[in-house]
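Work through the exercises below with the coordinates open. Try each task before reading its solution.

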Amino acid sequence: MASAARHGGISRRGLLIGGGAGLGLVVAWAVWPRDYVPTLVAGDRETAFGAFLKIGEDGRVIVAVPVTEHGQGVYTVLPQIVADELGADWRTIGVEPAPPGPFYANPLAARELFGDAIDRIPVPAAAQAGHAMRLTLTGGSSAVRHFEPILRQAGAAARVLLCKAAARSWGVDWQACTTAEGFVVHGEQRMRFAELAALAADEELPDAVALRNDDVARLAGTPVARLDSPAKVDGSANFAGDIRLPGMVFASIRQGPLGDTRLVGHDAKAADNLPGVLKIVANEAWVAGIGSDWWAANRAVEAIRPRFETRGGAPSTDSIEAALLAAIDGPGDRIAKAGDVGAAFRGARVFTAEYHAAIGLHAAIEPTTATATFEDGRLRLWLPTLAPMLARAAAARVLGIGEDQVTVIVMQAGGSFGAGLETLAAEQAALLARELARPVQLSWSRVEDIGRDRPRPAAIARMAGRLDRDGRLSGWLAKIGTPAIGTEMANRLLSRDAATAWSLALPGRGDAVAVSGAVPPYAIPNHAIDHHSADLGFPCGHLRGGIDALSCFFTESFIDELAQVAQTDASYFRIQMLGQNLRLAACLNTVASLGGWQGGVAGSGQGIACHQFRGSSIAVLAEARLEAGQVRVDRLVAAVDCGRIVNPDIVLQQIEGGLVFGMAQAIGASTGLKAGVADARRLADLRLPMLADMPEITVELIRSQADPGGVGEIAIPPVAPAIANAIVAASGIRLRRLPLDPSRP
C-alpha cells in the first residue's frame, strides 16, 4: 500500500468548510456539497489530502492552485498559506494547477467581475456543480481573499491527520503533538511527513479542528522565495506559445473591424507561392493563414488582403463620444444614495466638472495565444486562460460536442491583465484544429491584439458638489455614462442557454459594476451615484484596475477641484471628511509625511489621491510636470493598508507594478478608432512608459490585522488623479481626460 496513490481522510469526509481565518479559529467540518468528489489526482507514491494538497513519500508537498499565475504571485502565496498551517518545510513545497472541479469555484471573483448579474442566472439543482465549475476564475484581486480560509482549513486538516498518525505510532495523545519544518513533533520525538502520509490517510478528522495560533516557525508574513521565479529566470517556464507537438502547424488570424463585420472576400491564391504557407482557412467571422511557422502564416494573411463588410456602421472615436453624451443626457439608474441630494443642492451654489476617459487596452507582453488538438472527437487546449471552464464551454459549443470531451490545460500567462477572461481564441483554435486535423498553435499578431481587444470601456462623468459655509462638502452627485459592463460580460461569457440569456436580458436597476468605486470614501451626508448605460457598438471587457481606475480619477480629481475652491490643503480637505475611516486616514497621513507633502501649492508639482478597493486602502502622492507638451512623472509615493500580509515581498512587487500600470493608464494604453480600426498598431504607438520614464517609487506597507485585501489592483486607481492633481500644482492646467494629454485638457 505504501507505493500506491492514496486519498486521505479529508476526501472521505467531504469538502471542508468554516467561518473565516482568525488565529486559533476552530474549524467546523461538514459533508457539503455531499455529491462532490475531490478531483485532485494522487500520483504514484503520493497521498492526496482532500482537494488541495498531496504529500509524497519523497517528502514533497504539492499544492493544487485553483487560479492562474500571470505574474501576481499566486503560485507562491497560496502554497505559502497551506505550508504555514501545515507546518511544512518551504523547500519541499511544489505547485500544480488544480484540476476541474466545483471545489475550485471562485464566487468572489464572479461577484467582482459580473456584479449582481450573477444572481440573475438560473441554476437548477442538477446543474449546480457545473455552474460552480464555470466560476473557476482569476480576477478581481480575489485569490487570497477567497481562498485563504479554505486553504488554511486544508492545511489544518492535513496537519491533524499527520499528528494522529504519529501519535498512534508513539502511543501518545495526538493533541500533544505539533508540526514544524516538515516533521510531526512530540517532545524529542520527530517523524517526517513523508513517513506518515500513507498512515495518515487511514485517520479520521475530529468534529472540530483548530487553526494554528502559535508563533513558532511560521511562514505566513515572511518573504519566502517565489516558486515560479527560477524557471522564469532560466527560461524553462512554459507558456502557451512554447507548446510544441508532433506535426503541429501555426496560425495567424485576421478579423474585421470592430462592429458587426463579416468576411466578404480574400485572394487565397496570393499566398500560394509564399514559402512555408500551407493553407488558408476562412469563415464568415475571420480568415487564418496556416504555415510551418508563425511568420509564414502571418505573411499569408497579409498577402491575401481579406475584405470585410461592416453592417450598421463601424465605431469611431467620434461615435464613442456621441454614444456617451447621448447616454449621460438621457435617463439614468440610481445605484447608490445617502441623504437628499436634491435638497442639499436646492438654492445653493453647486460646483460642476465633466471628465472623460477613453477605452483602456490590455497591451500584455504575451499576445493572444492558444494551442489545440482535435482527435477522435476530443479537443485538448493549452491556454493562458483566467476562466478555464468558460473557455472549455465555449470551445465545446462551437464544435457541437460535449464539455466533457474538451480538456483545458491552464498555462501561466504573460501578463493578461484581464484579457484572459475572454474565450474567443479558444473557439478559433478549436475550429482550426478540427479543420486541419492536426495540432495547431494560433497566435494573434500585435495589430490584431490591439485592434480586436475587449478594452475597458470609455466613460464620461458629470460631477456636482456643494460646499457649506465652513467649506465642507455637504452634497455630491456623480452621473457616469458608460456601458453596463458587468451585465455585458455576463451575457458574453456566462450566457450559454436560453434561460440564462433571457434572465440576463430582463430589465435591471442599472449596473453597479459599471460605476464600481464611484461612491466616495468620505462622510458626505448627501450623495448619489447614477449610471447612464451606453452602447459603444463593440464589446468591452475587464482590465486590471477595473472601473475603479475611472471612478477614482473622476472622484479624486473633483475632490481636488473642490479643495481648491474651499482654499484648503487637499490632504486635510480629505482627512476631515473621513470620519471613522481610520485606515484610509492613516494612508493619507503616512503618504504626506513620507512624501514631504507641501500642501499642493502652486509650483510644488505635487498631487495626492486615495482610494479603497477590494478590502484594501491606499494613498498616492505624485510629483509630475509638463515637458515638451508631455506629462512627465518624477516620483510616486504610496502608503498601503492591505490587511494581514502573507508574503511582504510579493505585496511590494504588486504595489510597485500597480503604480507603474496605473501610470501607463494615466498617460497612454489607449487608442483612437476610425471606421472600427484602431489607430495604434504597435506597442510603441500606445505611449506606454519606457525604462527612461520610470519615476522614483517609494512604498510603505502599513501593519494591519484586518483580513487580507486585494493587492494586485489597489495601486492602479489613484495614480491617474494624483498625477493630474500634480500637473495642476506644476502648471495650473487641469487635465480632465484620460489618457492625460495637455493638448486636450
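Predicted model: local features only at pLDDT ≥ 70, side-chain atom pairs only at ≥ 80, totals over all residues.

**Exercise 1. Classify the packing of α19 against α20: at what angle do the axes cross, and with which hand?**

Step 1. Locate the helices. Helix α19 spans residues 648-667 and helix α20 spans residues 719-731.
Step 2. Take the axes. They come within 8 Å and cross at roughly 60 degrees. That makes α19 oblique to α20.
Step 3. Assign the hand. The α19 and α20 crossing is right-handed.
Step 4. List the contact residues. From α19 come Leu-659, Gly-662, Met-663 and Ala-666; they meet Val-719, Ala-720 and Ile-723 of α20.
Step 5. Sort by class. This contact of α19 with α20 has six nonpolar residues, one polar and no charged.

**Exercise 2. Repeat the analysis for α16 and α20: which residues make the contact?**

Step 1. Helix α16 covers residues 548-565. Its axis and that of α20 come within 8 Å, crossing at roughly 30 degrees.
Step 2. Apply the cut-off. Angles under 35 degrees count as roughly parallel, so α16 is roughly parallel to α20.
Step 3. The hand of the α16 and α20 crossing is right-handed.
Step 4. On α16, the contact uses Cys-552, Phe-553, Glu-556, Ser-557, Asp-560 and Gln-564. On α20, the partners are Ala-720, Pro-721, Ala-724, Asn-725 and Val-728.
Step 5. By class, the contact of α16 with α20 divides into six nonpolar, three polar and two charged residues.

**Exercise 3. Find the residues that touch the most other members of the largest nonpolar core.**

Step 1. The largest nonpolar core has 117 residues.
Step 2. Phe-114, Leu-137, Trp-476, Phe-554 and Ile-723 touch the most.
Step 3. Leaving aside neighbours within four places in sequence, Phe-114 contacts Leu-137, Gly-486, Met-489, Ala-490, Leu-493, Leu-494 and Val-513.
Step 4. Check for a separate core. Another core, of 56 residues, lies apart from the largest one; among its members are Leu-53, Trp-90, Cys-177 and Val-184.

Terms used. Residues numbered from 1 in each chain as written. Heavy atoms only, no water. Axes fitted to C-alpha atoms, helices over the stretch in contact; angles between N-to-C directions. Helix = DSSP H or I, 4+ residues; strand = E, 2+ residues; numbered from the N terminus. Parallel < 35°, antiparallel > 145°, perpendicular 65-115°, else oblique. Left-handed = near helix turned anticlockwise from the far one by under 90°. Contact = heavy atoms within 4.5 Å. Nonpolar A, V, L, I, M, F, W, Y, C, P; charged D, E, K, R; others polar. Core = buried A, V, L, I, M, F, W, Y, C linked by side-chain atoms within 4.5 Å. Buried < 20%, exposed > 50% of the residue type's maximum accessible area, 1.4 Å probe, protein only.
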